[in-house]
Amino acid sequence: MSGGPEPISAEGLRAVREELAQLRMERGEVAATLRGEEPVGDRADAADELQRASEVTRLDRRIAELEGRLREAEVAGAPSTEVVGVGSTVTVRFGDGAEETVEISEVAEERELTLVTYDSPLGKALLGRHAGETVNYETPGGAASAMVLSVGNSTESSG
């Protein structure tokens, strides 16, 4: 990634917001089980309390990361429609003639097959490219190529 504020795709934004909502709910549930100032019973109770407190701390860290990512995406603005970067929607034609529109993302979700991570072979090959350029990259099955047909679309928004 560029080291500066990175844009985020519409799908990426949805995924971050969804994870953030889930973590906040989970944090509330775990925090509600903490005893606070009450004395803890036996050692098992104390260990359980410590584990829950550690879980709240872990959740707080991840929530802060996601909130920071949302702020960064806001500063970065919408993904470029000129050059492929994180957050870009890219339509490519593969060597076999198949065309597909993918989003360059920070993380891929199993359920979302159109997300390509920026650090995957295809993602690395596409970063910094423009429409009309052909990229070459390695797959587990060998060398592959794809032509960038377009970058961005009119439905993209970062928030």
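A salt bridge, as the term is used in this talk, is a side-chain nitrogen of Lys or Arg within 4 Å of a carboxyl oxygen of Asp or Glu. By that criterion, a search of the whole structure returns 12 salt bridges.

Before the details, a word on the source. The model is predicted, so local features need pLDDT of at least 70 and side-chain atom pairs count only at pLDDT 80 or more, whereas totals for chains, interfaces and linings use all residues. Residues are numbered from 1 along each chain as its sequence is written, and side-chain values use heavy atoms, with hydrogens and water left out.

Let me turn to the sheet. Strands and helices are DSSP runs numbered from the N terminus (E, at least two residues, for strands; H or I, at least four, for helices). Two strands pair if DSSP finds at least two bridges between them. Five strands make up an open sheet with mixed pairing, in the order β3-β2-β1-β5-β4. Its edges are β3 (115-117) and β4 (134-139), each of which pairs on one side only. On average, neighbouring strands of this sheet are turned by 45° against each other, direction ignored; the axes behind such angles are lines fitted to C-alpha atoms, for helices over the stretch in contact, and angles run from 0 to 180 degrees between N-to-C directions. Strand β2 (residues 99-105) runs parallel to β3, and three bridges join the two. Within that pairing, E103 has L115 of β3 as its bridge partner.

Next, individual salt bridges. How far apart are the closest N and O atoms of E18 and R14? They are 2.7 Å apart, and both residues lie in helix α1 (residues 10-31), four residues apart, about one turn of the helix. For accessibility, buried means under 20% relative accessible area, exposed over 50%, and partly exposed in between, with a 1.4 Å probe and protein chains only. E18, at 40%, is partly exposed, as is R14 at 27%.

In helix α2 (residues 43-76), E55 and R58 are three residues apart, about one helical turn. Their salt bridge has its closest N and O atoms 2.7 Å apart. E55 is partly exposed at 23%, and R58 is partly exposed at 37%.

R93 and E99 meet in a salt bridge of 3.2 Å, N to O. R93 has a relative accessibility of 33% and counts as partly exposed; E99, at 48%, is also partly exposed. Salt bridges with shared partners also link E19, R62 and E65 into one network.

Helix α2 also holds R52. Is R52 buried or exposed? R52 is buried, with a relative accessible area of 16%. Its side chain joins that of T33 in a polar contact of 2.9 Å, the term denoting a pair of N or O atoms within 3.5 Å; within protein, one must be able to donate a hydrogen and the other to accept it, and residues adjacent in sequence count only if both atoms are side-chain atoms. Beyond its neighbours within four places in sequence, R52 is in contact (heavy atoms within 4.5 Å) with V30, T33, L34 and R35.

Finally, the nonpolar cores. Such a core is a set of buried Ala, Val, Leu, Ile, Met, Phe, Trp, Tyr and Cys residues joined through side-chain atoms within 4.5 Å. The largest has 15 residues, and V90, L126 and Y137 have the most contacts inside it. At least two residues of this core come from each of β1 (89-94), β2, α3 (121-126), β4 and β5 (142-151). A second, separate core of 12 residues includes L13, V16, L23 and L59.
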